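Look at the sequence and the 3D structure below.

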Amino acid sequence: MKISENIVYIGVNDHKTDLFEGQYAVPNGMAYNSYVILDEKTAVMDTVEAGFAEEWLANLDKALEGRKPDYLIVQHMEPDHSGSITEFLKKYPDTKVAASAKAFAMLKAFYKADISDKGIVVADKDTLSLGDTTLTFVTAPMVHWPEVIMTYDSRDKVFFSADAFGKFGALDADEDWACEARRYYFGIVGKYGVQVQNLLKKVSGFEISTICPLHGPVLDNDLDYYLSLYNTWSKYEAESKGVFIAYTSVYGNTKNAVMMLADALREKGCEKVTVSDLAREDMAECVEDAFRYDRIVLATTTYNGDMFPFMKDFISRLSEHGFRSRKVGLMENGTWAPTAAKAMKAMLEKCGDISFCENEVKIMSSVDDASKAQLAALADELC
Ligand code: FEO
């Protein structure tokens with residue numbers, strides 16, 4: 001696949017991995033993207049996960065058409081991109097490797113590889129000429145690791161964005177970009193909104209016609225759409241108006257109350273109401289929805305004087321990923337001493353700028369007239 005006259009896609013699709021990074025379900029696989037730039041000199045943009053080295057090296061060989069790679073640019077050292085560096089250097093020992101100083105230290109730590117004799121340490125705004133093509137490097141710490149650099153090719157107006165603007169899913173998966181890019185964003189870099197904002201400011205001076213990420217499709221039209229979503233997500237602003245209700249339920253009574261609230265919100269004409277059972281649905285998808293909507297409701301049972309474990313896990317994940325600036329409604333269930341609302345509130349208070357609904361719902365075992373009235377009041381307050 002040609003990205004431009006001089007740039008060829010040489011990545012691979014992974015349909016073997018079930019959990020990306022050991023935690024994210026990827027039913028439609030994963031793409032490890034890599035590119036080669038062909039000018040007077042040639043440059044390879046990142047490698048791929050180790051298990052795909054052979055396929056990737058064959059793609060590279062074909063794209064090079066008998067030429068040798070002059071440079072390997074290592075933008076990110078996470079093994080899904082660095083896993084084939086040692087195989088590459090066995091085949092092409094004369095290639096120079098350009099990366100940040102931190103990346104060279106990681107190369108030694110991961111692969112016991114000391115390549116100081118062929119290493120070119122690059123820093124922010126450094127350039128590398130390939131002939132008519134000049135590559136400008138941009139440091140992007142914590143998007144997604146501290147050593148990350150990204151690369152702008154001014155000749156073709158191509159921005160190589162490392163993990164940024166990537167998504168879950170192999171390139172042969174026919175699926176919506178935003179859904180899997182949002183789940184990927186909040187899972188992978190959600191905590192680092194400030195750093196993503198810094199990156200967006202840095203690249204705003206570049207004229208970009210194509211974004212080449214290390215995962216997901218190459219983006220070459222309506223780039224404002226993708227840039228604007230990244231801006232919204234990294235500022236922790238809600239992308240959509242609506243209410244996301246996340247719940248756990250032991251015997252169905254909390255679920256029953258949640259469904260009553262969802263019905264009431266829909267009857268009121270609330271923009272969008274989404275309901276998820278935290279015990280059964282993909283937790284990363286639930287985290288994504290919590291960040292997506294401007295209002296969330298958390299409903300759970302009291303358990304061991306605290307809250308049900310799936311809810312505790314969920315709020316921990318929200319907190320770890322920088323959840324903030326949302327309106328939150330709380331619903332608790334308990335048969336003798338409900339404490340879940342207090343426990344949820346204590347966890348969420350550690351997140352920034354959370355406003356709690358005045359109306360809470362307390363269910364004593366199952367919905368009664370009192371909790372029905374509280375549900376109606378909460379629905380009024382939310383919508
Ligand atoms: Fe795709 Fe952070 O590695």
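In helix α5, residues W177, A178, A181, R182, Y184, Y185 and F186 meet Y225, Y226, L229, Y230, W233 and S234 of α7. Contact here means heavy atoms within 4.5 Å. Helices (H or I, at least four residues) and strands (E, at least two) are DSSP runs, numbered from the N terminus. The residues in the contact of α5 with α7 are eleven nonpolar, one polar and one charged. Ala, Val, Leu, Ile, Met, Phe, Trp, Tyr, Cys and Pro count as nonpolar, Asp, Glu, Lys and Arg as charged, and the others, Gly among them, as polar.

The model is predicted: local features need pLDDT of at least 70, side-chain atom pairs count only at pLDDT 80 or more, and totals for chains, interfaces and linings use all residues. Residues are numbered from 1 along each chain as its sequence is written, and side-chain values use heavy atoms, with hydrogens and water left out.

Two packed helices are described by the angle between their axes and the distance between the axes. For α5 (residues 177-188) and α7 (residues 223-234), the axes come within 12 Å and cross at roughly 35°. Axes are lines fitted to C-alpha atoms, for helices over the stretch in contact, and angles run from 0 to 180 degrees between N-to-C directions.

Next comes the sheet. Five strands form an open sheet in the order β11-β12-β13-β14-β15, with mixed pairing. Two strands pair if DSSP finds at least two bridges between them. At the edges are β11 (127-129) and β15 (210-212), each of which pairs on one side only. Strand β14 (residues 158-160) pairs with β15 in the parallel sense over three bridges, and V158 has T210 in β15 as its bridge partner.

Helix α6 (residues 193-203) lies across β12 (134-139), β13 (149-153) and β14, and runs at about 150° to β12. Which residues of α6 are buried? They are G193, V196, Q197, L199, L200 and V203. Because these residues cover an arc of only 160° around the axis, they are on the same side of α6; the arc is that of the directions from the helix axis to the C-beta atoms. Buried means under 20% relative accessible area, exposed over 50%, partly exposed in between (1.4 Å probe, protein chains only). Their cover includes β12, β13, β14, α5 and α7. The face of α6 turned away from its buried side carries the exposed residues V194 and K201.

Finally, the loops. H144 lies in the loop between β12 and β13, and the peptide bond from V143 to H144 is cis, with omega near 25°.
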